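Here is a short briefing to read beside the sequence and the 3D view. Keep both open as you go.

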Amino acid sequence: MNTEQQTIIKNGLWTNNVALVQLLGLCPLLAVTSTFINGLGLGIATLITLVLSNTFVSIIRHWTRPEVRIPIFILIIASIVTAIELAMNAWFYELFLILGIFIPLIVTNCSILARAESFASRNPVFDSALDGFMMGMGFLLVLVLLGGLREIIGHGTLFSNAHLMFGPAANDFELSLLGDDYPGFLIAILPPGAFIGLGLLIAGKNSIERYRSKKVVLVSAPSKPAEASAAS
Amino acid sequence: MNIHKQVTTTALLLMLFATIGAAAVGFIYDHTYETIKQNERQALLDQLNNIVPASHYDNNLLEDSFKLAPDTLLGTTEPTAAYRAKKQGEPIAIIFPAIAPNGYNGSIHLLVGVYRDGTVAGVRVIRHRETPGLGDAIETSRSDWITHFAGKSLGRPPGKQWKVKRDGGQFDQFTGATITPRAVVKSVHSALLYFEANKKMLLKDEVVDEDVKDDKDIDTKDSHEEQKDTGSSSDTDESGS
């Protein structure tokens, strides 16, 4: 794995995270993340879309013409999303009932077109697929984190409704983390809770980055030349 | 000359991709269509069986459906599908949709099952937008509140008691949410009144399906006005109670 691919991985998961840095695709992000499983469901659907659309766009990147590239990208993305919607409807019906209206909305998730246009249309197939996977993974992790946080705070449970995804065997996955008589904290489940939660996550990410950069400055301050040569 | 060629190539290119995309989607649609239909039927049947247990009837419930004209007692503004459960050819129960127009957050869509003798077989919520954690206790996954309708009828409890406890009736309200159960109780009561008034039509075997279909156009035209009427009348009811 060369440095370029490492950069792609780091970009998707952290530096250029779709949800926390680019702030794209917030509509489904905020609406769906009321539970861990809902977040996971939409996250996986978005991840698959990103990988497939990046791969296809990269494959056809030499055949398109600049004037019609955007319509072609949209066509590819829309076809993939429709296919995923049909597949979910057929094989994860109950989860589809919950996520249903947000699946078609993946088409309008700007991050997918953004990756197709700014990355996949200029890079080889493997790198593009990797970029799609990592960007999707970054989005999925935020969805799951936010969904999990809201579920714990709002209901006091984690992994409820897991059977929607993993079949009847997953009925016992549900954990009552805060005890059975936890009264619940309504605002965490309602839409405002999503905004507050996402805000806190972004703040958390920023403060981690600030802490890191401070550390780097402190360490590198006395012996600047050595540090610079090490970094390069 | 050159530009013509360019435009043609571009257009053909776009067409090529559109065709491939459409073909791919069509192929997947073709392969999932049966499963999706099956899922929808199974989900509906599960819901119906929650109301009238499968052991109580022996006909194909999904086949034995008929259209109900919109009715203010049901809160419906469009023709809806009702299902008739039969045992040895005798109708034993009817399952039909009802809409409670005055939930906390819009309409609550119910499925009400009534036995031949007018007692409630069961009530389930199909769709609602009540507050999570408060009003959503009408869902069976959150509480068993809605199952307490089973066995009730117009006379039991008497008409005046078909209310939540806060309004002097028999039914529990939820902590922090009275409007939701109030709306559901009222809607179930209306549904029973509807059943009583249309008993003959509902239980009869050879329902005049054709008539309903013929009247559909008129019904839908009227329904817009009816909708307004329902809205205003339910408002006054609410303030009066």
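The points below go through the chains, their contact, the helix packing and some local backbone features.

This is a predicted model. Chain A has eleven helices and two strands. Chain B has four helices and five strands. The contact between them takes 19 residues from chain A and 17 residues from chain B.

**Chain A overall**

- Chain A reads α-α-α-α-α-α-α-β-α-β-α-α-α along the sequence.
- The C-alpha trace of chain A spans about 60 × 55 × 30 Å along its principal axes.
- Chain A holds 232 residues, and 41% of them count as buried.
- Take the contacts in chain A between residues at least 6 apart in sequence: 77% of these join residues at least 24 apart.

**Chain B overall**

- Chain B reads α-β-β-β-β-β-α-α-α along the sequence.
- Of the 241 residues in chain B, 29% are buried.
- Among contacts in chain B with a separation of 6 or more, 55% are between residues 24 or more positions apart.
- Chain B is divided into domain 1, residues 1-51, and domain 2, residues 59-240.
- Seven residues of domain 1 touch nine residues of domain 2 in chain B.
- On the domain 1 side of that contact, four residues are nonpolar, two are polar and one is charged.

**Where chain A meets chain B**

- The contact draws on 19 residues of chain A and 17 residues of chain B.
- On the chain A side, the elements giving two or more residues are α4 (69-91) and α9 (186-189).
- Helix α4(A) supplies the largest share of that side, eleven residues.
- By type, the chain A side has twelve nonpolar, five polar and two charged residues.

**One residue at the contact: B:G133**

- B:G133 sits in the loop between β5 (120-127) and α2 (179-197) of chain B.
- Is B:G133 buried or exposed? B:G133 counts as buried because 21 C-beta neighbours lie inside 10 Å, and the cut-off for buried is 20 or more.

**Helix packing in chain A**

- Two packed helices are described by the angle between their axes and the distance between the axes.
- The axes of α3 (residues 36-59) and α7 (residues 125-155) of chain A come within 8 Å and cross at roughly 170°.
- Why is α3(A) roughly antiparallel to α7(A)? The crossing angle is roughly 170°, and angles over 145 degrees count as roughly antiparallel, so α3(A) is roughly antiparallel to α7(A).
- The crossing of α3(A) past α7(A) is right-handed.
- The contact of α3(A) with α7(A) involves 19 nonpolar, 13 polar and two charged residues.
- Helix α3(A) also packs with α4(A): their axes come within 10 Å and cross at roughly 140°.
- α3(A) passes α4(A) in a right-handed crossing too.
- From α3(A), the residues in this contact are A:A45, A:I48, A:T49, A:L52, A:S53, A:F56 and A:V57.
- From α4(A), they are A:F73, A:I76, A:I77, A:I80, A:V81, A:I84 and A:M88.
- The contact of α3(A) with α4(A) has twelve nonpolar residues, two polar and no charged.

**Local backbone features**

- Most residues other than glycine have a negative phi, and most peptide bonds are trans.
- A:L23 is not a glycine, yet has a positive phi of about 50°.
- A:L23 lies in the loop between α1 (3-15) and α2 (26-32) of chain A.
- A:L23 counts as partly exposed because it has 14 C-beta neighbours inside 10 Å.
- B:Q88 is also not a glycine and has a positive phi of about 50°.
- B:Q88 lies in the loop between β2 (80-87) and β3 (90-103) of chain B.
- B:Q88 has 8 other C-beta atoms within 10 Å, so B:Q88 is exposed.
- Which residues does a cis peptide bond join? The cis bond joins B:R156 and B:P157, with omega about 0°.
- B:P157 is in the loop between β5 and α2 of chain B.

Technical notes. Residues are numbered from 1 along each chain as its sequence is written. Chains are lettered from A and ligands numbered from 1 in the order in which they are written. This is a predicted model: local features need pLDDT of at least 70, side-chain atom pairs count only at pLDDT 80 or more; totals for chains, interfaces and linings use all residues. A residue is buried if 20 or more other C-beta atoms lie within 10 Å of its own, exposed if 12 or fewer, and partly exposed in between; C-beta atoms are placed from the backbone. Two residues are in contact if their C-beta atoms, placed from the backbone, lie within 7 Å. Ala, Val, Leu, Ile, Met, Phe, Trp, Tyr, Cys and Pro count as nonpolar, Asp, Glu, Lys and Arg as charged, and the others, Gly among them, as polar. Domain bounds come from an automatic or database domain assignment. Axes are lines fitted to C-alpha atoms, for helices over the stretch in contact, and angles run from 0 to 180 degrees between N-to-C directions. Angles under 35 degrees count as roughly parallel, over 145 as roughly antiparallel, 65 to 115 as roughly perpendicular and the rest as oblique. A crossing is left-handed if the near helix is turned anticlockwise from the far one by less than a right angle, and right-handed if clockwise.
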